[in-house]
Amino acid sequence: MIREKVKVSTQTLQWKCVESRVDSKRLYYGRFILSPLMKGQADTIGIAMRRILLGEIEGTCITRAKSEKIPHEYSTIVGIQESIHEILMNLKEIVLRSNLYGTRDASICFKGPGYVTAQDIILPPSVEIVDNTQHIANLTEPINLCIELQIERKRGYRIKTIDNIQDGSYTIDAVFMPVRNANHSIHSYVNGNEKQEILFLEIWTNGSLTPKEALYEASRNLIDLFIPFLHAEEENLNFENNQHKVTLPLFTFHDRLVKDKLRKKKKEIGLKSIFIDQLELPPRIYNCLKKSDIHTLLELLNKSQEDLMKIEHFRVEDVQNILNILQIDKHFA
């Protein structure tokens, strides 16, 4: 069992994975609980998490296929059992796992006869196939099937656009969402004189990530949405009422000291909530930092240039690259 604790107000919240199973290579299931919650909190958290899980988690898909021998999408080729449309639909169902940035190229080059499956796709290093047995086409004669593919990592879904059939390139409907479904339910109970709740959260994924990983990423994304509020300016606030301005009373030195400490603590909490995934680092630098247990912006900022140069495979250009990125992302400072 997996347990995590976080202190909120006067009660200790605890989440736990109560069920985890793999139904197939492309279907993972996880069930989690969070408790104890005050009345109304379970619904607030459950609705928000479900929306984030279904709409904000990134996934990797094949988004385009190209072959000069294809006259149009609904054509057939002698020696291939499936139509071109059926092959494109099969490519749409391929489940990929990656941490890539931007667009990558892949390809299929298969000589028949035989069954073309996902394992026949030639992929870039940053991408891997979840289920190698996924079917693509059946070649019944000794012909060559060569298709150029385009792979992208995004969120949500994208409907294909009108294709330019002159170059044999076809866009593919892309469902980037790795979470297939998410449900939440609430159990209420009485603890002494107080009514409390337990939140149950069920997550199904396509195998490109586990339900626990999906829950972790959704939580990070949800935190990111609230970070701007942590940096909101609290000074020089005025209240207007019937055109009469009421200025806040002056702080004593003690109040100012306490306020500065609170602001510093909030900023530190904010930096802990920003992960290096959000800095758009080059994959090699990102992987080096991860292997050195540097996961958040706060951990990165606490490292000196000398510390970074001690990381295996790290170069001077990499340190300069990080400095340039942090210079651009001034809102992280």
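User: Hi! Are Tyr29 and Trp204 buried or exposed?

Analyst: Both Tyr29 and Trp204 are buried (buried means under 20% relative accessible area, exposed over 50%, partly exposed in between, with a 1.4 Å probe and protein chains only). Keep in mind that this is a predicted model, where local features need pLDDT of at least 70, side-chain atom pairs count only at pLDDT 80 or more, and totals for chains, interfaces and linings use all residues. Residues are numbered from 1 along each chain as its sequence is written, and side-chain values use heavy atoms, with hydrogens and water left out.

User: Thanks. How many aromatic pairs are there?

Analyst: The structure holds 3 aromatic pairs. Tyr29 and Trp204 form one that is tilted, at 5.1 Å centre to centre with 50 degrees between the planes. Rings of Phe, Tyr and Trp (its six-membered ring) pair if their centres lie within 6.5 Å; planes under 30 degrees apart count as stacked, over 60 as edge-to-face and the rest as tilted.

User: And which strands do Tyr29 and Trp204 sit in?

Analyst: Tyr29 is in strand β3 (residues 27-38) and Trp204 in strand β16, so the pair links distant parts of the chain, 175 residues apart. Helices (H or I, at least four residues) and strands (E, at least two) are DSSP runs, numbered from the N terminus.

User: What about Tyr28, what is it in contact with?

Analyst: Tyr28 is in strand β3 as well. Setting aside neighbours within four places in sequence, its contacts include Ile203, Trp204, Thr205 and Gly207 (contact means heavy atoms within 4.5 Å). The C-alpha atoms of Tyr28 and Asn206 are separated by 6.4 Å, although these residues are 178 apart along the chain.

User: Where is Asn206, then?

Analyst: Asn206 belongs to the loop between β16 (194-205) and α3 (211-230). Asn206 counts as buried because its relative accessible area is 13%. Its side chain makes a polar contact with the side chain of Ser208 at 2.7 Å. A polar contact is a pair of N or O atoms within 3.5 Å; within protein, one must be able to donate a hydrogen and the other to accept it, and residues adjacent in sequence count only if both atoms are side-chain atoms.

User: Switching topic: which peptide bonds are cis?

Analyst: A cis bond joins Ser35 and Pro36, with omega about -10 degrees, and another runs from Gly112 to Pro113, with omega near 0 degrees. Pro36 is in strand β3, while Pro113 is in the loop between β6 (103-111) and β7 (114-117).

User: Last one: what is phi of Asp293?

Analyst: Near 60 degrees, a positive value in a residue other than glycine. Asp293 is in the loop between α5 (283-291) and α6 (297-301), and counts as exposed because its relative accessibility is 56%.
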